[in-house]
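Hi,

Here is the structure I said I would pass on.

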Amino acid sequence: MESNNGQNGDAPVIAIDGVTKTYQMGEVAVHALRGVSLDIHSGEYVAIIGASGSGKSTLMNIIGLLDRPTSGTYAIRGQEVGQLGKSEQADIRNREIGFVFQRFNLLPRTSAQAQVELPLFYAGITGTKARRRAVDALTRVGLGERIDHRPDQLSGGQQQRVAIARALVTQPSLLLADEPTGALDSKTTAEILDLFDELHAQGLTLVVVTHEHSVAERAGRVITVSDGAIVGDALAAQPTPAVTATNGFGSVLPTLSPARTAVAQ
Amino acid sequence: MRMLRYFPLALGNINVNKTRSLLTMLGIIIGVAAVLTTLGIASGAASSITSEIEAQGTNLLEVSPTGGGQGGTLTMADARILGDRDDFPQFAGVAPTYSGNATLVRGANDAGGQVRGVTADFPSVSTVEIADGRFLNAVEETNSARVVVLGHDLAGDLFGSENPIGQEVRIAGDLFTVVGVLEASGGSAFFSDDTTAYVPLGVAQTRLFAAPRYRGELTVSSISIKVADGYALEQAEQDVEVALRLLHGLGLDDDNDFSIFNQASLLDLAGSVSTTLSALLGGIGAISLIVGGIGIMNIMLVTVTERTNEIGLRRALGAHDRDILVQFLAEALVLCIIGGLLGIGLSYGVAALLTALPGFSIAVTIDAASVVMALGVASAAAIIFGLYPAIRATRLDPVEALRYE
Ligand SMILES: Nc1ncnc2c1ncn2[C@@H]1O[C@H](COP(=O)(O)OP(=O)(O)O)[C@@H](O)[C@H]1O
Ligand SMILES: [Mg+2]
């Protein structure tokens, strides 16, 4: 799980080109994505914002290799992944992508540590090594003291922290969060967003889907989706703290520069 | 073993919902217990029948005329010739008997029974044993004395708790003096001699039942033969057959006019009956196991549906088809194995209980082979019935699964 292993170090983490997604509902074709092109570079903190039904989750699912585009290409770190088989895609999800969901998606009656060990289990890592890494990840999100707690013994914010630790434990290239604060109150939302800032400052690439502007504006770059197409791509007014040498531009660019092309075909 | 990693996971998931897991296992528990208990009863019954047959002696032959006791072709002459130790050293004892049914009366008590005319050496060719008094002696045999030895139950019926020895009973109008009482034969009603009365052969043939003659010789209703030590039963049986065919002047095309019965062949019969019985009972048990397996399938289907969201999550975290498949198969397997073990425990409990039950004469014996078989069948059921739900789990679309509430 070395980052950039053998791949072009300058290649974007995510390179999506002309992706469409059409659902066939009987006679009617639902165009969830109408041709989306998008690059996300290492170390970026990107928010995807849009109204409900605009296609955010569809885009997320394609980025997360949970769903396949109807057309278009998709590469992670320069490697074409859109056409890979089910099993290879599972491996890439396991290694490269960490998921955070609105409803936390923790297993019931399972300790925080066991939750966080789960992705390692699928990576073939078990035993003390897995335990150590799970504890490290939980410590990183501020739950080092609660590794034995089960979801029903944790607050919503703490549960989402467990989910974030679970997403981070395989040291992925990218953290994908779909409405991560949608089920949290404003105080807890602030805490989770602070945690995202912290992780971003440590060099993590984040993509956060939200419909709330207050959440989106924490990101360095805000992509606006409407009716299956990208209609805006801008760097935020207050860019998050400058990061890492790997981040080629992003935070050093002037504010409110126009987006790198968002092509709607 | 990569597979093995899934078992702690499966145990955890089963532990999460103990009540349901137990209810799910119930079918397997009962199925396994039913198979093992019924097989245990069958094998217990078989061994008790076997020991009962063995108690009747396995070196004994009994020749009887074809078509029953009266009017047969088996005579005193046959018995005399077979009893010649010079010609037939392979027979340690040969005893003709003549039986009929009569009512025994003593005061106000009467009892129906078989009255068997025998020679003084009858005990040596049978398994009767004296409990009280003595058996008929040679003098009484020669003189056709009016003496009788009573079977255990017969003595009880006629004399209650009184000592019958020296007392008199009336058989077909004649008074007989009781000289002995037999031990209870211990067997089931099947093989019981306990309601038989033994009188001197001559008395039965002439006085009581007026045995017909064949070629000038008094007929007999059976000849009991004990095979001498060192001679094979089957060979001795053939020798009897050859001799009697010769004596009866049967041609090559004639059927035997007698039949020879030996306890060993009864053992074979009992063996084959018990095999059939085991197969039958085991089959019924296996059906209950299948029903248990279907129960597992049912619950696994429910589990897969309930945990759709979890399956979606596992997909997102990098689970392959194989991981999902093996996870649910392992769960079904663990359910079946735990259920199987509980069922084995239950069957031992039921076996102990049945065996301890007064009036239940069979010692229920559960052998290791059927335990292994039951566990094997339970595991096979798990894999067969767990496969479909597990495949269903792998077919779920990750996106749909994650969206599932
Ligand atoms: N499985 C599906 N079948 C049919 N239509 C779908 C499916 N998933 C999403 N859609 C449609 O695609 C559009 C975009 O949905 P989604 O990406 O979930 O939007 P968002 O996350 O922005 O609310 C919506 O119109 C939705 O109804
Ligand atoms: Mg959505």
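**What I found**

The second largest cavity has a volume of about 50 Å³. Before I go further, keep in mind that this is a predicted model. In all, the structure holds two cavities of 30 Å³ or more.

What lines it? Helix H2 (86-96), S6 and H5 of chain A each put in at least two lining residues. Strand S6(A) gives the most, with three residues.

That brought me to H5 of chain A, which covers residues 156-168. This helix has 13 residues and reaches 18 Å from its first C-alpha to its last, close to the 18 Å expected at 1.5 Å a residue. Is H5(A) buried or exposed? Of its 13 residues, 12 are buried, so the helix is largely enclosed by the rest of the structure. The buried ones are A:Gly157, A:Gln158, A:Gln159, A:Gln160, A:Arg161, A:Val162, A:Ala163, A:Ile164, A:Ala165, A:Arg166, A:Ala167 and A:Leu168.

Stepping back to chain A as a whole, its secondary structure comes to seven helices and 10 strands. Of its 265 residues, 54% count as buried. Among contacts between residues at least 6 apart in sequence, 69% join residues at least 24 apart. The accessible surface of chain A is about 11,400 Å², and 49% of that belongs to carbon and sulfur atoms.

A word on confidence: chain A averages a pLDDT of 87, with 86% of the residues scoring at least 70. Over residues 1-7 the pLDDT is below 50, and this stretch has eight contacts in the model beyond near neighbours in sequence. Residues 242-265 of chain A also stay under 50, and there the model has 41 contacts beyond four places in sequence.

Cheers

Notes:
Residues numbered from 1 in each chain as written. Chains lettered and ligands numbered in written order. Predicted model: local features only at pLDDT ≥ 70, side-chain atom pairs only at ≥ 80, totals over all residues. Heavy atoms only, no water. Helix = DSSP H or I, 4+ residues; strand = E, 2+ residues; numbered from the N terminus. Expected span 1.5 Å × (residues − 1). Buried < 20%, exposed > 50% of the residue type's maximum accessible area, 1.4 Å probe, protein only. Contact = heavy atoms within 4.5 Å. Areas by Shrake-Rupley, 256 points an atom, 1.4 Å probe, with all protein chains shown as cover. pLDDT = per-residue confidence, 0-100. 1 Å grid on protein atoms, 1.4 Å probe; cavity = no way out; pocket = protein on both sides within 12 Å on 5 of 7 lines; lining within 4 Å. Points joined across faces, edges and corners; volume = space filled by probe spheres on them.
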